[in-house]
Amino acid sequence: MRKPLKPPLEPRKSPVQARSSASVQAIREAAVQVLLKEGKERLTTRRIADRAGVSVGTLYQYFPNKSALLQAVLRDHLEGIAEALRAACEEWKGATLDQMATGLVDDFMKAKLRHVETSRALYFISDDIGGAAIARQNAVHNVSAVAALLESAPQKLIESPQVVASIVLATLAGVSRRMLEARLQDGELEAMQQGLKTMVRAYLQAVTSPA
């Protein structure tokens, strides 16, 4: 008796799904491009759709309005920073606090400056789309990752690792925003980054238990 044939394996993504994913990515990239070229005052769904090569109707299939689209773009951007931060936490696990401070600042700023104009543009629209709330949601996981990193150091902290991690991340976020919004030149950016490392190292030393 012949055995029944097994159903054929299906691809992980159907062509329709693949096209949908490509369309969403194209729309998100187009939103950033239009924002950079036209500014937020001229940022419309029509211009974004034209830039992405899709109809406005297609855009609205994925995003109910412009704010929802920009929020998605901001989340993607922040997740990229978070991934770099998590990678740094893995890389510097078990190092001294001084080494951690240097590594965190360097890797965080490298991620921020990778797409510097995008970072600047998103800062300018952040208040319009509830960026602070999105950043707070993103920060929860970042704080946990940095706190775990700090706990792996040979030195012991006299403050809660969660509190210390929150202060370090707030410092990184605040100073880096100031650096980008001020449109500093390369030499000034480097000087600010060195100063940021000095600040973080000094703070970590201040909350370290005496040997």
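Helix axes are lines fitted to C-alpha atoms over the stretch in contact, and the angles between them run from 0 to 180 degrees between N-to-C directions. With that in hand, the axes of H5 and H6 come within 5 Å and cross at roughly 85 degrees. Angles from 65 to 115 degrees count as roughly perpendicular, so H5 and H6 are roughly perpendicular to each other. The model described here is predicted.

**Domains**

The domain assignment divides the chain into domain 1 (16-64) and domain 2 (71-207). Taken over C-alpha atoms, the centres of domain 1 and domain 2 are separated by 29 Å. Domain 1 brings 7 residues to the contact, and domain 2 brings 9 residues.

**Helix H5 and its partners**

Two packed helices are described by the angle between their axes and the distance between the axes. Helix H5 covers residues 97-114, and helix H7 covers residues 131-151. The table sets out both pairs that involve H5.

| Pair | Angle between axes | Distance between axes |
|---|---|---|
| H5 and H6 | roughly 85 degrees | within 5 Å |
| H5 and H7 | about 150 degrees | 10 Å |

Angles over 145 degrees count as roughly antiparallel, and H5 and H7 are therefore roughly antiparallel to each other. In this pair, Leu97, Met100 and Leu104 in H5 meet Val146, Leu149 and Leu150 in H7. By class, the contact of H5 with H7 holds 6 nonpolar residues, with no polar and no charged residues.

The contact of H5 with H6 is made by other residues of the helix. Here Lys112, Leu113 and Arg114 in H5 meet Val116, Ser119 and Tyr123 in H6. Sorted by class, this contact of H5 with H6 has 3 nonpolar, 1 polar and 2 charged residues.

**Two serines in helix H6**

Helix H6 spans residues 116-126, and serine 126 lies in it. Serine 119 also has its place in helix H6. Is serine 119 buried or exposed? With a relative accessible area of 2%, serine 119 is buried. Leaving aside neighbours within four places in sequence, serine 119 is in contact with His77, Lys112 and Leu180.

Serine 126 has a relative accessibility of 10%, and because buried means under 20%, serine 126 counts as buried. Beyond its neighbours within four places in sequence, serine 126 is in contact with Gly131 and Ala132.

**The nonpolar cores**

The largest nonpolar core has 34 residues, of which Val146, Leu150, Leu172, Val200 and Leu204 touch the most other members. Which helices each supply at least two residues of this core? They are helix H4 (66-91), H5, H7, helix H8 (161-181) and helix H9 (186-206). The largest share, 8 residues, comes from H5.

Apart from this core lies another core, of 26 residues, among them Ala30, Val32, Ala121 and Ile129.

Leucine 204 is one of the residues named for touching the most other members of the largest core. Leaving aside neighbours within four places in sequence, leucine 204 is in contact with Leu97, Ala101, Leu150, Val164 and Val168.

Alanine 165 lies in helix H8. At 0% relative accessibility, alanine 165 counts as buried. Its contacts, leaving aside neighbours within four places in sequence, are with Val143, Val146, Ala147 and Leu150. The C-alpha atoms of alanine 165 and leucine 149 are separated by 9.0 Å, and these residues are 16 residues apart along the chain. Leucine 149 is also one of the H7 residues that meet H5.

Alanine 206 is found in helix H9. Its relative accessible area is 54%, and because exposed means over 50%, alanine 206 is exposed. Alanine 206 and valine 164 are 42 residues apart along the chain, and their C-alpha atoms are separated by 11 Å. Valine 164 is in turn among the contacts of leucine 204.

Conventions:
Residues are numbered from 1 along each chain as its sequence is written. This is a predicted model: local features need pLDDT of at least 70, side-chain atom pairs count only at pLDDT 80 or more; totals for chains, interfaces and linings use all residues. Side-chain values use heavy atoms; hydrogens and water are left out. Helices (H or I, at least four residues) and strands (E, at least two) are DSSP runs, numbered from the N terminus. Buried means under 20% relative accessible area, exposed over 50%, partly exposed in between (1.4 Å probe, protein chains only). Contact means heavy atoms within 4.5 Å. Angles under 35 degrees count as roughly parallel, over 145 as roughly antiparallel, 65 to 115 as roughly perpendicular and the rest as oblique. Ala, Val, Leu, Ile, Met, Phe, Trp, Tyr, Cys and Pro count as nonpolar, Asp, Glu, Lys and Arg as charged, and the others, Gly among them, as polar. A nonpolar core is a set of buried Ala, Val, Leu, Ile, Met, Phe, Trp, Tyr and Cys residues joined through side-chain atoms within 4.5 Å. Domain bounds come from an automatic or database domain assignment.
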